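Me: Please take a close look at the sheet of this structure and at the contacts that involve its strands. I would welcome one connected account, with the criteria stated.

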Amino acid sequence: MDYETIAMSKDGPVGTITLNRPGALNALNEQMVKELISALDEFERDASLRCVIITGSERAFSAGADIKEMAGMTAVQMAMTGHFFPLWDRVGRFPKPIVGALSGFVLGGGLELAMSCDILVASETTQLGQPEIDIGVMPGGGGTQRLTRAVGKYKAMEMILTGKRIGAEEAKALGLVSRVVPKEAYLTEARKVASEVASRSPVAVRLAKMAVNKAFEMGLSDGIDFERELFYLLFASEDKSEGMAAFMEKRSPQFKGK
Ligand code: CAA
């Protein structure tokens, strides 16, 4: 498919979606959200694709929902169209791992999109925030829930109630990004991480992602039971036999996702 607000590329088992509205700092408008969902659908159908990177530009991953598009909308229009909220549901439930490659502004819906990814690599220039309060609203794409789970109540409250941005190093210290690298390296580093993940068993990766995400929804003992069922299930996979045989034969495993 031809897209206007995003670009899509593939390098072996790693696919990349690049947000591409530079004039609006990659603000998420309805078209971009539809295109992102469609790109994710394509990547999900592609059996050879094992890991996805979502990125923006060096200046902005995304400055959030498109304020100019939202400004004229009524409550009923927002609620009835769902506007772009299906995006976060789609990204959050995407079965293959997603690496977010962040740089520059990661704000509002942009941070909510990032928090729906699985591993976050940030350039040292990254600034993250939920500034919706500055325009008289509040996060609507999961920010109050995901940010609180990521950084705890007090920092989440500070960020959401003041709209204050934090830098990459602080975000790393809070556990809000996985790693921070120089700005020249964030995309290369994200590709490196994505390739590592893509070289592992796709079956084990998928179930492990599912189990980690359940930690946000289940109590501890139910979560551990859920984990154990998935663990037993993996013993039915060819990849488990291959992985353990390769270990004993002192060679690299060849995982097939079976
Ligand atoms: N929506 C629409 N356009 C945006 C935008 C947004 N979220 N963010 C930036 N832009 C546009 C600007 O309007 C400007 O366009 P023009 O040149 O046509 O005027 C262009 O991008 C460049 O922006 P600035 O000139 O403002 O650049 P700057 O470097 O001075 O400031 C910024 C950068 C601090 C990110 C500032 O643009 C800003 O504060 N943006 C808004 C951030 C925001 O409030 N995000 C939350 C949106 S609401 C939301 O996301 C709801 C939700 O939870 C789902």
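Reply:

**The sheet and its contacts**

An open sheet is built from 6 strands in the order β1-β2-β3-β5-β7-β10, with mixed pairing. Strands (E, at least two residues) and helices (H or I, at least four) are DSSP runs numbered from the N terminus, and two strands pair if DSSP finds at least two bridges between them. At the edges lie β1 (6-11) and β10 (179-181), each of which pairs on one side only. From one strand to the next the twist averages 20 degrees; axes are lines fitted to C-alpha atoms, for helices over the stretch in contact, and angles run from 0 to 180 degrees between N-to-C directions.

This is a predicted model, in which local features need pLDDT of at least 70 and side-chain atom pairs count only at pLDDT 80 or more, while totals for chains, interfaces and linings use all residues. Residues are numbered from 1 along each chain as its sequence is written, and side-chain values use heavy atoms, with hydrogens and water left out.

Strand β1 runs antiparallel to β2 (residues 14-19), and 6 bridges join the two. Within this pairing, Met 8 has Ile 17 of β2 as its bridge partner.

Strand β1 also takes part in a side-chain contact. Lys 10 forms a salt bridge with Asp 46, with 2.7 Å between the closest N and O atoms; the term denotes a side-chain nitrogen of Lys or Arg within 4 Å of a carboxyl oxygen of Asp or Glu. Because Lys 10 lies in β1 and Asp 46 in the loop between α1 (30-45) and β3 (51-55), the pair ties together parts that are 36 residues apart in sequence. Lys 10 is partly exposed at 41% relative accessibility, and Asp 46 is partly exposed at 22%. Here buried means under 20% relative accessible area, exposed over 50%, and partly exposed in between (1.4 Å probe, protein chains only).

Glu 44 is partly exposed at 33%, whereas Arg 90 is buried at 16%. In total, the structure holds 15 salt bridges.

Cys 51 is buried, with 0% relative accessibility. Its sulfur is 10 Å from the closest cysteine sulfur, that of Cys 117, too far for a bond. Cys 117 is also buried, at 9%. The disulfide count is 0, a disulfide being a pair of cysteine sulfur atoms within 2.5 Å.
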